[in-house]
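Thanks for asking me to look this one over. Here are my notes, in the order I would go through them with the model open on the screen.

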Amino acid sequence: MPIRTLIVDGNWNLMRNYHKQHELKTSTGNLCGGIMGFIMSMKSVMNKVLPDRVIVAWDGFNAGKLRYNIYPPYKANRNKNWEMEERMLFNEGMTMDEKEKEKFEIFKQKILLSNILDELFVRQMETDLIEADDLIAQYILRSEDDDEQIYIYSKDGDYKQLISDKVFIINPDHF
C-alpha cells in the first residue's frame, strides 16, 4: 500500500480562511477565523485523503525575494512590497495603513497556528526568502520513494505542472 503524504499550502489556506471568517473572535475578543477555518479545512481534507503524514508549507519571511533578485520580472505585476512586510513586523502592526494591520493580524494567526500544528506533530517547512510553492516543488522533486502518493491541498494553479502518476492536487472547490 502506498504512503500517502498530504502537503498543505499553509499561507494560501490561512489567507483563504481568514478572509472567509475574518470577523470570528475568541471569547476574549481576539480574531481567530483564519486559525479555525484552517483547522476545519485540514480535518476535512485529511478525512478524504487519510494521509500517513501531513506537511504544511509556509511562505518564509520576504518570500519570493530570492527568486526576484535572480529574475526581476518575477511577481512584477503583483506589486510585492517586501519593505512593508519588514515595517509591519518592526512596528508590530501599529500603523494607520489598514493593509499592514491586516497582514500583521494574519501573521499573528500564522504564528499561533504554527504552534498548534507543532503540538499536533504536524510537520512544517518554511525558509526565509522562499515561497511555499517552491518548497512544495522541491519536496516533490526530491521525493525518492516510488511508493509515495503526494496530495497537494491548494487552489494555486501553479501546482498543475507538478501533477504526475504520484502527485495529485486537491482543490477545495472540487471535493
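1. Let me begin with Leu-6, which is buried, with a relative accessible area of 0%; buried means under 20% relative accessible area, exposed over 50% and partly exposed in between, with a 1.4 Å probe and protein chains only. Leu-6 sits in strand β1. Helices (H or I, at least four residues) and strands (E, at least two) are DSSP runs, numbered from the N terminus. Setting aside neighbours within four places in sequence, Leu-6 is in contact with Val-45, Met-46, Pro-51, Arg-53, Val-54, Ile-55, Tyr-151 and Tyr-153, contact meaning heavy atoms within 4.5 Å. Leu-6 and Ile-169 are 163 residues apart in sequence, yet their C-alpha atoms are 9.7 Å apart in space.

2. A word on what you are looking at. This is a predicted model, where local features need pLDDT of at least 70 and side-chain atom pairs count only at pLDDT 80 or more, while totals for chains, interfaces and linings use all residues. Residues are numbered from 1 along each chain as its sequence is written, and side-chain values use heavy atoms, leaving out hydrogens and water.

3. Which residues touch the most other members of the largest nonpolar core? They are Phe-38 and Val-56, in a core of 20 residues. A nonpolar core here is a set of buried Ala, Val, Leu, Ile, Met, Phe, Trp, Tyr and Cys residues joined through side-chain atoms within 4.5 Å. Two or more residues each come from β1 (3–9), α1 (10–20), α2 (33–49), β2 (53–57), α5 (98–119) and β4 (148–153). The largest share, five residues, is from α2. Another core, of 15 residues, lies apart from this one and includes Ile-130, Ala-132, Ile-136 and Ile-140.

4. Phe-38 deserves a click of its own. Beyond its neighbours within four places in sequence, Phe-38 is in contact with Val-8, Gly-10, Asn-13, Leu-14, Asn-17, Val-56, Trp-58, Leu-113 and Leu-117.

5. In α1, the buried residues are Gly-10, Asn-11, Trp-12, Asn-13, Leu-14, Asn-17 and Tyr-18, and they pack against β1, α2, β2, α5 and β4. In α6 (residues 132–142), the buried residues are Ala-132, Asp-133, Leu-135, Ile-136, Ala-137 and Ile-140; β1, β2, β3 (123–125), β4 and β5 are among the elements that cover them.

6. Asn-171 belongs to the segment after β5 (167–170) and counts as buried at 17% relative accessibility. The Asn-171 side chain reaches the backbone nitrogen of Asp-173 at 2.8 Å. Leaving out neighbours within four places in sequence, Asn-171 is in contact with Ser-154 and Lys-155. Asp-156, in the loop between β4 and β5, counts as partly exposed at 26% relative accessibility. Asp-156 and Asp-133 are 23 residues apart in sequence and 8.8 Å apart in space, C-alpha to C-alpha.

Methods
Polar contact = N/O pair within 3.5 Å; in protein donor to acceptor, adjacent residues only side chain to side chain.
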